[in-house]
Amino acid sequence: MKVFRGFKHPGVAPACAVTIGNFDGVHRGHQAMLALLRGEAQQRGVPSCVLTFEPHPRDYFAELHKKPDLAPARVGTLRDKLEDLAHCGVDQTVVLPFDAPLANQSPQEFIQKVLKDGLGAKYVLVGDDFRFGKQRAGDYALLDAAGEAQGFDVARMNSYEVHGLRVSSSAVRDALGQGRMADAGRLLGRPYCISGHVVHGRKLGRTLGFKTLNLRFAHWKPAASGIFVVLVHGLSHKPLQGVANLGVRPSLDPNDVNGGRVLLETHCLDWPESLGAEGAYGKIIRVELLHKLHDELKYDSLDALTQGIRRDCDDARAWLIARI
């Protein structure tokens, strides 16, 4: 899959079948939409295209109005979104910066500048609640009328349901926020995972006897947080069992080397000798969050923190044994 930051690049296809959205989590509803998009693209002999936004539009408006509560919790990182879209067979993804000029475009300007001139849209597929343009003034009826006038097809896909539950990014966020990892997996159609490059941290874990693999979660508000039983993929021929903390580490100084950013810190219960002490840095790993043990806790001392990590490891081992 080709990925472009904006559509003013020579590699962007001159014509496409496109769907538009944030695609946070790329859940089963998104997957059904992308399957339909691929079929329509093939019929027209053009590539399939996803038009998505970074930051999330609600992040932009939360910052603009200084109201952080308006920002949605983020299910996945941009890396994970792009990887999931590629797995769904999308030919190209255009990541459009959501900024003031875009936010202030009228629906008609968006259709002309983005869909027609920018992407050469021949077919546009949207969800049943799709709105666009300044103050969300554009809707499906307006888009459909524009398509008829300007020569591109427009289609709308109804909500996707699983056991009577509408599959949405909001439903996935709710499940993750409540620690219902199995429910989140059913909505996503796969286990919930976070991937990225292993980065250097404070190296406190090895001092305490619990070396960790650190991934930065770029968004400040992850949908899931707490202590989890996990599987780590990408370091060995088989997944490594572990326990992980996803959050801001309330027991530590927020001004440390990680700058108070959200981290996924994973301790493997059995570290492969072949990797050596430094063998994971820079590698891309995928951490599968299986089960939530508890919320993040604030410990009063490093000794209390060490004891807490040890209990979490014991609880993770017990859960994994019971799962077999």
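Buried means under 20% relative accessible area, exposed means over 50%, and partly exposed lies in between (1.4 Å probe, protein chains only). The model is predicted: local features need pLDDT of at least 70, side-chain atom pairs count only at pLDDT 80 or more, and totals for chains, interfaces and linings use all residues. Residues are numbered from 1 along each chain as its sequence is written, and side-chain values use heavy atoms, with hydrogens and water left out.

**Salt bridges**

- The whole structure holds 14 salt bridges, each a side-chain nitrogen of Lys or Arg within 4 Å of a carboxyl oxygen of Asp or Glu.
- Arg 44 pairs with Glu 40 in a salt bridge, with 2.5 Å between the closest N and O atoms.
- Arg 44 is partly exposed at 30% relative accessible area, while Glu 40 is buried at 18%.
- Both residues belong to helix H1 (residues 28-44) and sit four residues apart, about one helical turn; helices (H or I, at least four residues) and strands (E, at least two) are DSSP runs numbered from the N terminus.
- A network of salt bridges links Glu 40, Arg 44 and Asp 153.
- Lys 113 and Glu 109 form a salt bridge with an N to O distance of 3.9 Å, and the two are four residues apart in helix H5 (residues 107-118).
- Lys 113 is partly exposed at 44%, as is Glu 109 at 31%.

- Arg 190 and Asp 84 form a salt bridge at 2.9 Å, N to O.
- Arg 190 lies in the loop between helix H8 (181-188) and strand S9 (193-197) and Asp 84 in helix H3 (residues 78-87), so the pair ties together parts 106 residues apart in sequence.
- Arg 190 is partly exposed at 26%, and Asp 84 is buried at 16%.
- Of the 18 residues lining the second largest pocket, those nearest its centre include Asp 84 and Arg 190.
- A pocket is an open set of points on a 1 Å grid over the protein atoms alone, where a 1.4 Å probe fits, with protein on both sides within 12 Å along at least five of seven lines; lining residues have an atom within 4 Å of a point.
- The second largest pocket has a volume of about 290 Å³, the space filled by probe spheres set on grid points joined across faces, edges and corners.
- H3 gives the largest share of this lining, five residues.

**Largest pocket**

- The largest pocket has about 1300 Å³ of space.
- Its lining has 43 residues, with Gly 21, Asn 22, Asp 129, Phe 130 and Arg 136 nearest the centre.
- H2 supplies the largest share of the lining of the largest pocket, five residues.
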